[in-house]
Amino acid sequence: MTELRALLLDNLHALWSGQDYLEEPAQMIPPIMIWGAPGVGKSTLVRELAKELGIGFVDVRLAQREPVDMRGLPVPENDAVKWLVSSEWPRDKNSRGIIIFDELTAADRTLQVAAYEFILDRRLGDLYTVPNGWYIVAAGNRVEDNAVACAMSSALANRFMHVEVKPEAESFIAWAEAHKVHEAVVNFIRYRPELLFCQEGEMLERGWPSPRSWERVSTMLKIAEHTGHSNMLTYAVPGLVGAGAAVEFLAFLRSMFFRSGLRNELLNGMVPSVPTRPDMIYALCGALTYYLSMEKNASDYARLADTVLKFALQLGNDFATMLMNGIFERITDKARRKVLTEHPAYATLLGKLGVNAQKQQ
């Protein structure tokens with residue numbers, strides 16, 4: 001998403017001030033087609049960029065339109081026909097903005113053909129021409145996204161610069177913090193980034209994890225806190241992100257393992273007690289993995305590693321294995337891995353698990 005934002009900014013600035021090195025910027029700069037799964041924030045990024053720059057924004061949901069919305073309405077006038085073009089298209093020649101054709105791939109061929117001239121030539125016959133300060137963007141889902149998607153014609157596809165976006169936990173977290181998304185959602189994605197976006201369930205029509213659905217979970221959390229009806233989350237959250245992700249998130253929410261004082265307790269060598277419930281153990285292991293993997297200070301990292309390894313010794317074999325696998329998946333730096341593997345508690349843990357230390361290293 002960061003790269004896409006930078007690309008959009010470059011093209012917009014070239015559109016507005018590129019006459020020194022481009023003969024006709026409005027005609028030469030290709031429109032962008034943004035590909036990505038539903039809910040990853042394609043149109044949101046474009047809308048917020050327009051708002052940030054203080055420019056116009058026209059959102060055309062093509063799948064919800066009729067061909068007449070693009071071509072205009074024919075009105076008889078004497079022995080001829082006059083076409084009335086939609087008032088939503090920008091008219092001011094000195095204005096700047098973005099026109100996004102969202103859900104382009106969900107529109108049938110008739111609508112796509114109707115959009116050709118506007119996107120390809122920035123005009124509708126002799127009736128309307130897109131002002132030079134406006135940039136054209138489109139967005140749509142891929143066939144493999146389990147969403148309504150029609151193949152784009154080669155003529156239309158060849159006109160675009162195609163960019164594919166994928167959900168990234170770091171980008172989402174930065175966006176979420178800037179937009180006051182509930183801290184429980186932000187912290188949950190920090191230690192379970194793989195659940196930011198997941199379409200592996202069999203009940204996709206009932207909700208699944210995506211940046212959009214997690215933002216809505218944040219909204220429900222705020223409502224629950226305001227009304228005091230926290231019990232509603234037990235059915236509201238599964239309805240947004242699906243049952244599997246909801247089980248983990250609700251367990252995390254109850255655990256309070258991301259309270260502000262936990263890191264200091266770990267640094268001071270206070271080994272957490274093992275919770276009695278399996279979902280609480282899972283949430284605590286995720287929290288410990290997060291703190292260890294995110295620690296930048298070398299000495300603090302060593303102290304955290306000491307406490308985490310001592311905690312691992314208290315776990316049953318299955319959870320201890322899960323914890324260490326999760327840690328080594330996150331921590332790839334050889335020096336930091338060495339801090340763990342050369343700790344006396346690590347050898348003890350391997351012995352407990354029946355793993356040969358030399359083979360493991």
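Two strands count as paired if DSSP finds at least two bridges between them. The views below show details of a predicted model.

**View 1. Strand β5 and its two partner strands.** Strand β5 covers residues 97-102. Six bridges join β5 to strand β2 (residues 56-61), and the two run parallel. Within this pairing, Asp102 of β5 is the bridge partner of Arg61. Strand β8 (residues 134-140) is also parallel to β5, with five bridges between them. Here Phe101 stands opposite Ala138 of β8.

**View 2. Side chains of strand β5.** The strand is mostly covered, with six of its six residues buried. Gly97, Ile99 and Phe101 point one way, while Ile98, Ile100 and Asp102 point the other way. Residues of both sets are buried.

View 3. Leu73 belongs to strand β3 (residues 73-77). Its relative accessible area is 46%, so Leu73 is partly exposed.

**View 4. Arg122, a residue with positive phi.** Most residues other than glycine have a negative phi. Arg122 is not a glycine, yet its phi is positive, at about 55°. Arg122 lies in the loop between α5 (109-121) and β6 (123-124). With 4% relative accessibility, Arg122 counts as buried.

**View 5. Lys180, in a loop between two helices.** Lys180 is a residue other than glycine with a positive phi, near 60°. The loop that holds Lys180 runs between α7 (169-178) and α8 (183-191). Lys180 is exposed because its relative accessible area is 66%, and the cut-off for exposed is over 50%.

Methods. Residues numbered from 1 in each chain as written. Predicted model: local features only at pLDDT ≥ 70, side-chain atom pairs only at ≥ 80, totals over all residues. Heavy atoms only, no water. Helix = DSSP H or I, 4+ residues; strand = E, 2+ residues; numbered from the N terminus. Buried < 20%, exposed > 50% of the residue type's maximum accessible area, 1.4 Å probe, protein only.
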